Amino acid sequence: MYKTESDHARTVFDYLRDFKNQTGHDLEEVNPDSAAGSDFCRTYDIVEYPTIIALSDGGQLQNMWRGTPLPTISEVSFYV
C-alpha cells in the first residue's frame with residue numbers, strides 16, 4: 001500500500017524492483033485512493049503509508065510493516 005504521488009513513492013518503486021530481482025516474485029500493489037483500495041485499507045486498518053502486509057490464502061493477516069524504513073527483502077520473502 002502506497003500513494004504514487006508521495007515522498008516515499010521512489011523508495012517503494014526501488015524496493016519493488018529489488019524484491020522482484022532477488023526473489024523472482026512480484027508484490028501486489030494496492031492504491032489506497034481507489035474504491036477497492038480504500039475498502040482494503042479499512043478492512044485491515046491501514047492508515048500509514050507505505051504499508052506491506054502478508055496475508056494467508058484465506059485472507060488472514062500474518063504480518064504487517066508500516067511506514068519507513070521498509071522491512072528487509074528477506075523478512076517479506078518469508079511470506080511469499
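The dialogue below takes up the nonpolar cores and then the salt bridges.

Q: What should I know before I start?
A: This is a predicted model, where local features need pLDDT of at least 70, side-chain atom pairs count only at pLDDT 80 or more, and totals for chains, interfaces and linings use all residues. Residues are numbered from 1 along each chain as its sequence is written, and side-chain values use heavy atoms, with hydrogens and water left out.

Q: Which residues make up the largest nonpolar core?
A: In soluble globular proteins, nonpolar side chains tend to be buried together. A nonpolar core is a set of buried Ala, Val, Leu, Ile, Met, Phe, Trp, Tyr and Cys residues joined through side-chain atoms within 4.5 Å. Buried means under 20% relative accessible area, exposed over 50%, partly exposed in between (1.4 Å probe, protein chains only). Here the largest core has 8 residues: Tyr-15, Phe-19, Ile-52, Ala-54, Trp-65, Leu-70, Ile-73 and Val-76.

Q: Which elements give two or more residues to this core?
A: They are α1 (9-23), β1 (51-55) and α3 (73-77). Helices (H or I, at least four residues) and strands (E, at least two) are DSSP runs, numbered from the N terminus. Apart from this core lies another, of 7 residues, including Tyr-44, Ile-46, Ile-53 and Met-64.

Q: What is Tyr-15 in contact with?
A: Contact means heavy atoms within 4.5 Å. Set aside neighbours within four places in sequence, and Tyr-15 touches Leu-27, Ile-52, Leu-70, Pro-71, Thr-72, Ile-73 and Val-76.

Q: How many salt bridges does a search of the whole structure find?
A: A salt bridge is a side-chain nitrogen of Lys or Arg within 4 Å of a carboxyl oxygen of Asp or Glu. The search finds 6.

Q: Where do Lys-3 and Asp-33 lie?
A: Their side chains form a salt bridge, at 3.7 Å from N to O. The pair links distant parts of the chain, 30 residues apart: Lys-3 is in the segment before α1, and Asp-33 is in the loop between α1 and α2 (35-43). Lys-3 is partly exposed at 31% relative accessibility, while Asp-33 is exposed at 56%.

Q: Which helix holds Arg-17 and Asp-14?
A: Both lie in α1, 3 residues apart, about one turn of the helix. Arg-10, Asp-14, Arg-17 and Asp-18 are linked in a salt-bridge network.

Q: Are Arg-42 and Asp-39 exposed or partly exposed?
A: Arg-42 is exposed at 58%, and Asp-39 is partly exposed at 41%. They form a salt bridge, with the closest N and O atoms 2.4 Å apart. Both lie in helix α2.
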